[in-house]
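Please read the following note alongside the sequence and the three-dimensional view. The points are numbered so that each can be checked in turn.

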Amino acid sequence: MAAKSPKTISEYISAAPSKAKPHLSELYAILKEVAPDAMETIKWSSPFFVEPRFLFSFSAHKAHLGFASSNDALDPYRDDLKEFEITNMGILKIPYSKNLPRSLIKKIAKRRLKLVETRMDDNFW
């Protein structure tokens, strides 16, 4: 029998591999602090924060977590993030073997929130 799919971000973190949980919990706390009024949901099997437009999401993988915001939100901090991989789609890959860059993530999340709040369109992405 297949495991039940998580319905909340807390359930997602609880179901994640044990080595991922500390990073996921820490990232979740940062994002909740930055966007306390955002709706939390699971989309495409990953935790999302929406307002109702996409703010950010994250996902657990075998050796890293992925933090998705946007390239526009990441751009000012790329030099500070050189030790991490950033995909073309603006996903920051943070290995579980490294500390979570808390202050940078907070800055990226705040920038993303501001970028979305000042947009004039209603597109989800």
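1. Burial of S46. The model discussed here is predicted. S46 has a relative accessibility of 14%, and therefore counts as buried, since the cut-off for burial is under 20%. This residue belongs to strand 2, which covers residues 46–50. Leaving aside residues up to four places away in sequence, S46 touches Y12, T41, F58 and S59.

2. W44 has a phi near 50°, which is a positive value in a residue other than glycine. For S45, phi is near 65°, again a positive value in a residue other than glycine.

3. P52 lies in the loop between strand 2 and strand 3. The peptide bond that joins E51 and P52 is cis, with omega at about 10°. The reader may wish to locate this bond in the view.

4. Pairs that are separated in sequence. K7 is found in the segment before helix 1 (9–15). With a relative accessibility of 60%, K7 counts as exposed. K7 and S45 are 38 residues apart along the chain, and their C-alpha atoms are separated by 9.1 Å. A second pair consists of E11 and P47, which are 36 residues apart in sequence and 9.9 Å apart in space, C-alpha to C-alpha. E11 is found in helix 1. Its relative accessible area is 34%, so E11 is described as partly exposed. Not counting residues up to four places away in sequence, E11 touches S5 and P6.

5. Helix 4 and its buried residues. Helix 4 comprises 16 residues, numbered 102–117. From its first C-alpha to its last, helix 4 reaches 22 Å, close to the 22 Å expected at 1.5 Å a residue. Which residues of helix 4 are buried? They are L104, I105, I108, A109, R112, L113 and V116.

6. The packing of helix 2 with helix 4. Two packed helices are described by the angle between their axes and by the distance between those axes. For helix 2 and helix 4, the angle is about 40° and the axes are 10 Å apart. This angle makes helix 2 oblique to helix 4. The crossing of helix 2 past helix 4 is right-handed.

7. The residues at this contact. What does each helix contribute to the contact? Helix 2 supplies E26, L27, I30, L31, E33 and V34, which meet R102, I105, K106, A109, K110 and L113 in helix 4. Sorted by class, the contact holds seven nonpolar residues, five charged residues and no polar residues. I105, A109 and L113, which take part in this contact, are among the buried residues of helix 4.

Methods: Residues are numbered from 1 along each chain as its sequence is written. This is a predicted model: local features need pLDDT of at least 70, side-chain atom pairs count only at pLDDT 80 or more; totals for chains, interfaces and linings use all residues. Side-chain values use heavy atoms; hydrogens and water are left out. Helices (H or I, at least four residues) and strands (E, at least two) are DSSP runs, numbered from the N terminus. The expected span of a helix is 1.5 Å times one less than its number of residues. Buried means under 20% relative accessible area, exposed over 50%, partly exposed in between (1.4 Å probe, protein chains only). Contact means heavy atoms within 4.5 Å. Axes are lines fitted to C-alpha atoms, for helices over the stretch in contact, and angles run from 0 to 180 degrees between N-to-C directions. Angles under 35 degrees count as roughly parallel, over 145 as roughly antiparallel, 65 to 115 as roughly perpendicular and the rest as oblique. A crossing is left-handed if the near helix is turned anticlockwise from the far one by less than a right angle, and right-handed if clockwise. Ala, Val, Leu, Ile, Met, Phe, Trp, Tyr, Cys and Pro count as nonpolar, Asp, Glu, Lys and Arg as charged, and the others, Gly among them, as polar.
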